[in-house]
Amino acid sequence: MLLDGLAPASIARAADALAAGELVAFPTETVYGLGARADDDAAVAKIFALKGRPAGHPLIVHVDGRAHADRFAAALPPLAERLIDAFWPGPLTVIVARASGVAGAAAAGQPTIGLRCPAHPVAHALLAAAAERGVAGVAAPSANRFGRVSATSAMHVIEEFGADATDLLVLDGGATRIGIESAIVDCSTDTPVLLRPGMLTREQIESAAGMPLAEPGIGAPRAPGTLAAHYAPRARLRIMESGMLRTALQVLGSDSLKLAVYSRSIPSGLAPGVVHRRMPARPEQAAHELFAVLRELDRHGVALIWVEEPPSGPEWEGVRDRLRRAAAAA
Ligand code: TXA
Ligand code: MG
């Protein structure tokens, strides 16, 4: 059921539902989350069931500020504190050692926990109202079926789960501003590791951390958002360098009925029947619309989506990452 996220009565109702162990979908500045109280393993199990998320993949716990983070973290190392000070509320998740006996199901049994304080008025209102009801944190993955494109609007959430969860409360906060998921930094060892890039650039994170980021290693904690194949539309997706894209379209001629193209340049002589969307020139705008565009192209029923490779700059890393994983899925 769709609720107006700006109405105080909706927030109260959603917070009551969370406190009672029910699921609530809510907007954040990155993507919509599918939330349950983090301290209730039975409530968290409902998230795994509805998403079809395999066991063993931990969830991020959303908190309304640093004070609530202390409930879930064994300790916040100075590195995590520096990042929290710099970026909360905002699109950054820190992985830290978990307080013992807390949020075991949300952490999928890992000794660590992912924590994030979102910067969205509806998420803030919900987390604050939940906290008043004794809920210190809300475990929430992106509100999409496992492996699929994240939801950046309330309608996307309904598309994903509406049929199976007609009573799911969905707080509508409009389209999300950022559009791709938070950057995840593992702060559980001495060296910060970027597990998932987001819209904060490496440079921004390194400058706040005061040290360079390391690449995820073999022993890095399991993270489905970091699986090679993820964020996938139904159509197959291929990334092409712009010259290649031009050549491929020429070769294809008019035999292109089941094709969509998402590119910064406008390819000349597009065959009729090819669905074309223009990728914005600015990375913030491209991230903002990325998942909505993939969903829209899917609705056209195309078999294949050709995406022109985004620029190589650091501010494009999050978009490149999501496209690469979407391309790996088919
Ligand atoms: O922007 C976001 O982060 C969104 C919004 C809703 O906050 N959430 C999100 O959640 O993207 P999800 O579950 O789709 O992705 C969470 C990622 C997964 O890759 C998960 O494995 C990783 O965070 N993660 C969570 N806890 C972890 C932990 N203790 N150790 C390693 N990775 C962890
Ligand atoms: Mg996800």
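Let's start in the loop between β5 and β6 (112-116), where alanine 103 lies. In this predicted model, alanine 103 has a positive phi of about 55° although it is not a glycine. As background, most residues other than glycine have a negative phi, and most peptide bonds are trans.

**Helix packing**

Two packed helices are described by the angle between their axes and the distance between the axes.

| Helix pair | Axis angle | Axis distance | Crossing |
|---|---|---|---|
| α1 (residues 8-19) and α5 (residues 121-132) | about 55° | 9 Å | right-handed |
| α4 (residues 78-87) and α7 (residues 202-209) | roughly 125° | within 8 Å | right-handed |
| α6 and α9 | about 50° | 12 Å | left-handed |

Take α1 and α5 to begin with. Their axes make an angle of about 55°, and the two helices are therefore oblique to each other. From α1, the contact draws on Ile11, Ala14, Ala15 and Leu18, and from α5 on Val122, Ala125, Leu126, Ala129 and Ala130. By class, that gives nine nonpolar, no polar and no charged residues.

Next come α4 and α7, whose axes cross at roughly 125°; this pair is therefore oblique too. On the α4 side you will find Leu79, Arg82, Leu83, Ala86 and Phe87, which meet Gln204, Ile205, Ala208 and Ala209 in α7. The residues of this contact divide into seven nonpolar, one polar and one charged.

And what of α6 and α9? They pack at an angle of about 50° and are therefore oblique to each other. In α6, His156, Glu159 and Glu160 meet Ala292, Arg295 and Arg299 of α9. Sorted by class, the contact has one nonpolar, one polar and four charged residues.

Which helices give two or more residues to the lining of the largest pocket? To see this, look at the pocket itself, which has a volume of about 210 Å³. Its lining is made up of Arg145, Arg148, Val149, Glu159, Glu160, Ala232, Pro233, Arg234, Leu294, Arg295, Asp298 and Arg299. The elements that contribute two or more of these residues are α6 (154-161) and α9 (283-299). The largest share, four residues, comes from α9. Divided by class, the lining has four nonpolar, no polar and eight charged residues.

Around it you can pick out Glu22, Leu23, Lys46, Leu50, Asp164, Ala165, Asp167, Leu168 and Leu169. This lining has five nonpolar, no polar and four charged residues.

Conventions. Residues numbered from 1 in each chain as written. Chains lettered and ligands numbered in written order. Predicted model: local features only at pLDDT ≥ 70, side-chain atom pairs only at ≥ 80, totals over all residues. Heavy atoms only, no water. Axes fitted to C-alpha atoms, helices over the stretch in contact; angles between N-to-C directions. Parallel < 35°, antiparallel > 145°, perpendicular 65-115°, else oblique. Left-handed = near helix turned anticlockwise from the far one by under 90°. Contact = heavy atoms within 4.5 Å. Nonpolar A, V, L, I, M, F, W, Y, C, P; charged D, E, K, R; others polar. 1 Å grid on protein atoms, 1.4 Å probe; cavity = no way out; pocket = protein on both sides within 12 Å on 5 of 7 lines; lining within 4 Å. Points joined across faces, edges and corners; volume = space filled by probe spheres on them.
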